[in-house]
Structures are given as C-alpha cells and as structure tokens.
Amino acid sequence: MIYVRLFWEFFKIGLFAVGGGMATLPFLQRLSERSGWFPQSLITDMVAVSESTPGPIGINMATYVGCNVAGLLGGVVATLGTIVPSLVIVLTVSRYLERFRGSRLAGDVFYGLRPAVTGLIAAAGLGVVQSCMLQMDIYRETGILVDLFDFKKLLCFGLAFAAIRRFKLHPAVYIGCAAVVGLLLEF
C-alpha cells in the first residue's frame with residue numbers, strides 16, 4: 001500500500017510542479033506535513049544534495065524521499081510517479097504540436113503559465129531562506145527580533161553571494177567550498 005501512496009503523491013507533484021525542480025518544493029512541504037514521511041528541516045538537505053548531484057532536482061528529491069520511506073523500490077516508485085505525468089504530457093503535446101503551432105489559445109496558455117511558475121519558484125526560494133537562515137522556533141519562544149536570524153548562516157550567504165558576483169567561477173567550486181565551510185563550522 002505504501003508504494004501506491006508514494007506513486008500517487010509523487011504523481012500529483014510531477015503533474016502540478018510546472019517549471020522544474022524548485023517548483024516542487026511547496027508540494028514537498030505540504031507532503032511532509034500531511035504524511036510525516038520526512039521533517040520540514042530535511043527539505044533543505046534534500047535541495048542541497050539534489051543540487052549537488054547530477055540529474056533534475058525534482059526527480060532526485062523524489063528518489064531520496066522514496067528510498068527513505070520504502071527502500072530502493074520506494075525510490076523507484078516515487079521517481080516513476082514524478083516522471084509519468086511529464087512523459088504522458090510530452091507525448092500527447094508532441095503528437096498535436098504541429099496542429100497547434102500557430103494557435104493563439106496555446107500561446108495564451110503558455111503565457112499564463114509563466115507567472116504561475118515564477119510564483120511557485122519564488123515561494124520555494126522563500127521557503128528555503130526561511131528554513132535555512134531564520135530561527136523561527138527560537139524567535140517564537142523569546143519574541144526578540146535578533147533571535148530570528150542565524151547570523152553565521154547569513155554571513156556565509158553574504159560571502160558566497162559576494163564571491164559569486166566577484167569571481168564568477170563554476171558553481172561546483174562554490175558548492176565544494178560551502179561543503180568544507182559547513183563541515184568546519186558544523187552547522
């Protein structure tokens with residue numbers, strides 16, 4: 001039964017997360033709340049691992065969750081659940097694409113999807129910032145604004161941002177440096 005639920009949950013994520021892997025984050029946050037399969041705090045770790053490994057981030061996260069919930073077969077089932085909607089949609093669209101190539105309706109649909117995708121990605125980014133650099137639980141306890149921010153992480157973010165803007169090196173360099181700094185500072 002767990003395999004059917006894994007497939008269904010990730011099928012819905014794959015169907016509605018238009019715009020790529022980062023657009024899956026709001027869906028994963030809700031899945032975490034509903035299912036209890038993984039804590040919210042694990043989402044940022046999944047993003048870090050998925051961004052650091054080859055392949056699409058959404059599929060990597062589906063595989064990660066599936067493996068944690070139900071082993072290797074769970075990883076395969078969750079991954080299939082994520083890719084089946086895209087596969088069906090792409091095969092269907094490619095079959096009819098030539099007929100609708102000049103269609104104003106099709107153009108309007110794609111034009112309307114742009115802001116929705118932008119909103120999903122922005123929500124995902126804000127969620128990552130909140131879970132990575134803000135200490136909401138500590139702030140709720142104390143009510144002191146300074147307790148809201150994790151200054152070590154904000155400093156690392158600022159330094160990484162400045163280095164990216166200044167040196168424009170390959171992203172793997174920054175990922176490797178961040179991993180080393182994280183190990184040294186034990187975030």
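Helix axes are lines fitted to C-alpha atoms, taken over the stretch in contact, and the angle between two axes runs from 0 to 180 degrees between N-to-C directions. The model examined here is predicted.

In this model, the axes of helix 2 (residues 25-35) and helix 5 (residues 104-133) come within 8 Å. They cross at roughly 55°. Helix 2 is therefore oblique to helix 5. Angles under 35 degrees would count as roughly parallel, and those of 65 to 115 as roughly perpendicular.

The contact draws on residues from both helices. Helix 2 contributes Leu 25, Pro 26, Phe 27 and Gln 29. On helix 5, the partners are Leu 120, Ala 123, Ala 124, Gly 127 and Val 128. Seven residues of this contact are nonpolar and two are polar. None is charged.

Rolling a probe the size of a water molecule over the atoms shows where empty space is left. The search of the whole structure returned one cavity of 30 Å³ or more. The volume of the largest cavity is about 30 Å³.

The lining of the largest cavity consists of Phe 10, Ile 13, Thr 24, Leu 28, Gly 58, Met 61, Ala 62 and Thr 82. Two elements, helix 1 (2-16) and helix 4 (57-100), each give two or more residues to this lining. Helix 4 supplies the largest share, four residues. By residue class, the lining of the largest cavity holds five nonpolar and three polar residues.

How values were computed:
Residues are numbered from 1 along each chain as its sequence is written. This is a predicted model: local features need pLDDT of at least 70, side-chain atom pairs count only at pLDDT 80 or more; totals for chains, interfaces and linings use all residues. Side-chain values use heavy atoms; hydrogens and water are left out. On a 1 Å grid over the protein atoms alone, a cavity is a set of points where a 1.4 Å probe fits but cannot get out, and a pocket is an open set with protein on both sides within 12 Å along at least five of seven lines; lining residues have an atom within 4 Å of a point. Grid points are joined across faces, edges and corners, and a volume is the space filled by probe spheres set on the points. Ala, Val, Leu, Ile, Met, Phe, Trp, Tyr, Cys and Pro count as nonpolar, Asp, Glu, Lys and Arg as charged, and the others, Gly among them, as polar. Angles under 35 degrees count as roughly parallel, over 145 as roughly antiparallel, 65 to 115 as roughly perpendicular and the rest as oblique. Contact means heavy atoms within 4.5 Å.
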